[in-house]
Amino acid sequence: LLASGFYALPRQQFEGYGFAVCRGLLEPDFLAEVRTAFDQMWTAHSGQGRVFHQQLLTHPVFVRLIEHPAILNRHRNFFCDQVQLLFFEMKPLPTR
């Protein structure tokens, strides 16, 4: 674990690709809530082929997600207190 709160591989992913996969970051029960909320939002707003952050932020689970301490702490380690949600959209993963 690095001082930034990331393990070396996610840190390299972030620096190389602009995102990082951090497995186990969210508690399983909370992750299940996020998945259920996403399904609800997708049903309500998927006519555009995606769900935009303005729509997601009307659901309290997504507000809790972006304010989650484990996520905010990692953001702050990279960006100090200049954390701002500029753009956020979610799409379902393709099924195999």
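Visitor: What should I know about the model before I start?
Guide: It's a predicted model, where local features need pLDDT of at least 70, side-chain atom pairs count only at pLDDT 80 or more, and totals for chains, interfaces and linings use all residues. Residues are numbered from 1 along each chain as its sequence is written, and side-chain values use heavy atoms, with hydrogens and water left out.

Visitor: OK, how many helices and strands are in the protein chain?
Guide: 5 helices and 2 strands, counted as DSSP runs (helices H or I, at least four residues; strands E, at least two) numbered from the N terminus. Along the sequence the pattern reads α-α-β-α-α-α-β.

Visitor: Which residues are buried in helix 2?
Guide: Phe30, Val34, Ala37, Phe38 and Met41. Buried is under 20% relative accessible area, exposed over 50%, partly exposed in between (1.4 Å probe, protein chains only).

Visitor: And where do they sit around the axis?
Guide: They cover an arc of only 110 degrees, so they are on the same side of helix 2; the arc is taken from the directions from the helix axis to the C-beta atoms. Pro28, Asp29, Arg35 and Thr43 are exposed on the other side of helix 2.

Visitor: Switching topic: where is Val21 found?
Guide: In the loop between helix 1 (8–17) and helix 2 (28–45). Val21 is partly exposed, at a relative accessible area of 38%.
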